[in-house]
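Dear colleague,

Please find below the structure that I am handing over to you. My notes on it follow, and I would ask you to read them with the model open beside you.

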Amino acid sequence: MVAAARGTPGAVASAAAPSAGAQDTALVVARGLVKRFGQFTAVGGIDFEIVPGECFGFLGPNGAGKTSTMRMISCMSPASGGTLRVLGMDPATDGPRIRARLGLVPQEDSLDLELTVLDNLILYARYFDIPKAEARRRAASLLELAQLSERARDKVESLSGGMKRRLTIARALVSQPDLLILDEPTTGLDPQARHLLWDRLYRLKQEGVTLLVTTHYMEEAEQLCDRLVIMDHGRFAAHGTPLELIGRYSTREVVELRFATPREQADALALGETAQRMEVLPDRILLYTADGDAVLAEVHRRGYAPVSELVRRSTLEDVFLRLTGRRLVD
Amino acid sequence: MALATRAPSATRAPSVTRARPLWVRSLGYWVFQYKRTWRSSLSTSVLEPLVYLAAMGIGLGALVDHHVHHVGGVSYLAFVGPGLLASAAMQVAVSEATYPVMGAIKWVKTYLAMLATPLRVVDVLRGHMAWIALRLTLATGIFLGILVGFGLARSWEAAFALPAGVLTGLAFCAPVAAFAATRENDVAFSVIYRFGVVPLFLFSGVFFPITMLPGWLQPVAWATPLFHGVALCRSLVLGDATLGISVVHVAYLVALGAGGYAAARVTYRRRLVQ
Amino acid sequence: MSTTPAGDTTRGTTSGTTLRITPAALLGSRRAVHMVERNVYVYRRSWIFLVSGFFEPFFYLLSIGIGMSSLVGPLRVGAETVAYPVFVAPGLLASSAMNGALFDSTFNLFHKLKFAHTYDAVLSTPLTVADVVAGEMGWSLLRSGLYALSFMCAMAALGDARTSWAALCYPEALLVAFAFSAVGMATTTYLRGWRDFEMVMLAIVPMFLFSATFYPLSVYPGWLQAVVRLTPLYQGVALLRGTDLGSFQWAMAGHAAYLAILGLVGLAATRARLGRLLLP
């Protein structure tokens, strides 16, 4: 609500270290932010700002420190070092006042299973001191938004995973927050539910709500985020708009070649010189290039015969895998 | 959970398990679980009888014996001891047949994990009931041992109080498990306790003979399962059991247990096979 | 929200760091009321749970009145002789206040902490850990108040209340509930799994049986009397019995102080522990 009025369109394109002007209006400012659990450093000194009206994404493999960062921003975990200001206040002292203006969608639904769908929304609104009548009004319209109106009187226990997720998001909106924090909002959802959710988030953004999203779905990040950071081992591996990142860390196109036998694939490694960068996977070769068709023509000209070949645009996933590696992290 | 459902027997001697009935594997799960927690559970099984006997039998007994000299021909400790044994069996049975059953269906979903193996619903039920019977044997055995230690056993007949106690427990656990399998949440369990277990504990002759109840209430007490369990255990421990009345007690308890088991077969199938 | 004009918060950045205000007192804020509200919402759907609790004291008092009364006979308390049910009733009131408080503060709290993650949602709103603790305590006292009331009705109906001083037993029963609720919550924050509850029961059952609820302390040998006197339930039983019989002694002020201090310490410990558990 307030965010829309304070929106600064000029700051959108700025990366993680924007101008002094952007810092003034930023909803979240972190400088050298650190989170330690005993000996383990979950977040190892990161800097970023989130400006009003944007959708800011945190990408990273499991254990990269995304959730720890979210929890610090939502004043549910004290920072171990550095400074953090949220909505111009200090989470250490102003937790309740900050949280009054945040909406949080945690990684795991924390709905009240014993209560009905409607009661979950009303009760959550009451935690924000919203009068009962107003809470009822808001709950009704949010149920519409989340397409749960027919289930209003049902116990949460009986909802599907997708419905619970939608309810959690509706619940986070009941206080009409300036900043909506979503920690892996679509993990575990089926494609229909995921697209429905993206659609809802996009509409919220249009209404001026600032979004902060963590995800490991690159498609999600590309669709939703104006700016994003890729986090790995508690630090930022990269930051920028999705297009900037692709431009910086990948090529415009990728050629994927699959060969019949490992021997044929081994012979094909000489193709590396036709592209800017080559990646060899157990079952295929990836050639990163600005012009995929040209590279493919060269492959054929040299007499290689892959069993399958694919020219596609480079995606954020290519950037992500390049920066964080292909090994499993946990 | 995946680990736990691998019953210990399966790893040790696969050739033997083939010959064994399937429900033994389900029993194996509960034994396996108990092995991790037996220490705390055992200390409860030993200390609770001791504490109850000391407080009610000795503490309160001092007042009773001073005032009326004896209850039913014996000291208050001797009167209340076997009664407490039977009521302890009831409480173990009810607690094992409520929350753990609901947990195995809904919270931990142990039953579902078992049903994903060759086990059938009836094996799951039989295994769990067999486990409760084992638990009851353990708890009743300890209790009886303590009664003997207090010098309350009057004759060799007291040994039969062990199966009598187990039977009392089984008469409760089968019907309660049948009921628990129909529940969506644990609210009803507190009702079972407050309107079932507690009044039975208080009015079935554990603490005073039911002849002291108002006349109209005595037949009601007669109709309750705990009364039969208490009367049976008490007469066996004190050595004044008569065949005729004992058969009535046993028949009542067996009928209740068997009826409950039959009901549980239905409710388990209805709940677990969808 | 109402405490902060939304407009100035982005700029007024310096005041927060210089003036570190920790949420004052153990009472939490006005928002703690919403925690009570949550419980009302939950229990609205399982009212039978609450209502069934009213019957328990009736059963106990009835059983004692019908059976034990004639087995035990009248007892001497101080200078006077009272019927057994009159002796037991205030002790049972204290015990039932303890049991009710412990049930809520152990089983229910553990479920909410470890399985339902109820407080994770609550703490993402303006509510604080102090509010959670205060709210849960408020609910516990509300519930205990209802039970104590039903118990006292049963006492009056069965003729077990001796003097009009008995009315004072009501706030005293709440004090007992407060102390045990607080200690129960603090203990629960240390429990690892359901099986740890057996240990909790191992502490509660002997206390319930031995703390002079069912017979006077004089039954015990001297050393055991000293041990029993130290237990919080004994303190509660002695306080309520003295009040019910209208025989006041200075020691009773000590009992009340004991329970109050225990409750406050428990509350403070709960707050510290929950803060560490919920906001790591």
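**Overall picture**

In chain A, 55% of the 330 residues are buried. Please bear in mind that this is a predicted model. The mean pLDDT of chain A is 86, and 91% of its residues reach 70 or more. Residues 1-20 call for caution: pLDDT stays under 50 there, and the model has 35 contacts for them beyond four places in sequence.

Chain A contains 13 helices and 13 strands. Its C-alpha trace spans about 75 × 45 × 40 Å along the principal axes. The chain is divided into domain 1, residues 2-241, and domain 2, residues 251-313. Between the C-alpha centres of these two domains of chain A there is a distance of 40 Å. Of the contacts in chain A with a separation of 6 or more, 69% are between residues 24 or more positions apart.

I would next draw your attention to strand β6 of chain A, residues 179-183, where 5 of 5 residues are buried. A:L179, A:I181 and A:D183 point one way from this strand, while A:L180 and A:L182 point the other way, and all are buried.

Two pairings of β6(A) deserve a look. Strand β5 of chain A, residues 102-105, runs parallel to β6(A) and is joined to it by 4 bridges; here A:G103 stands opposite A:L180. Strand β7 of chain A, residues 210-215, also pairs with β6(A) in the parallel sense, over 5 bridges. In that pairing A:I181 stands opposite A:L212. Together with helix α8 of chain A, residues 191-206, the strands β6(A) and β7(A) make a right-handed β-α-β unit.

With kind regards

How values were computed:
Residues numbered from 1 in each chain as written. Chains lettered and ligands numbered in written order. Predicted model: local features only at pLDDT ≥ 70, side-chain atom pairs only at ≥ 80, totals over all residues. Heavy atoms only, no water. Domains from an automatic or database assignment. Buried < 20%, exposed > 50% of the residue type's maximum accessible area, 1.4 Å probe, protein only. Pairing = 2+ DSSP bridges. Right-handed = clockwise from strand over helix to strand, strands pointing away. pLDDT = per-residue confidence, 0-100. Contact = heavy atoms within 4.5 Å.
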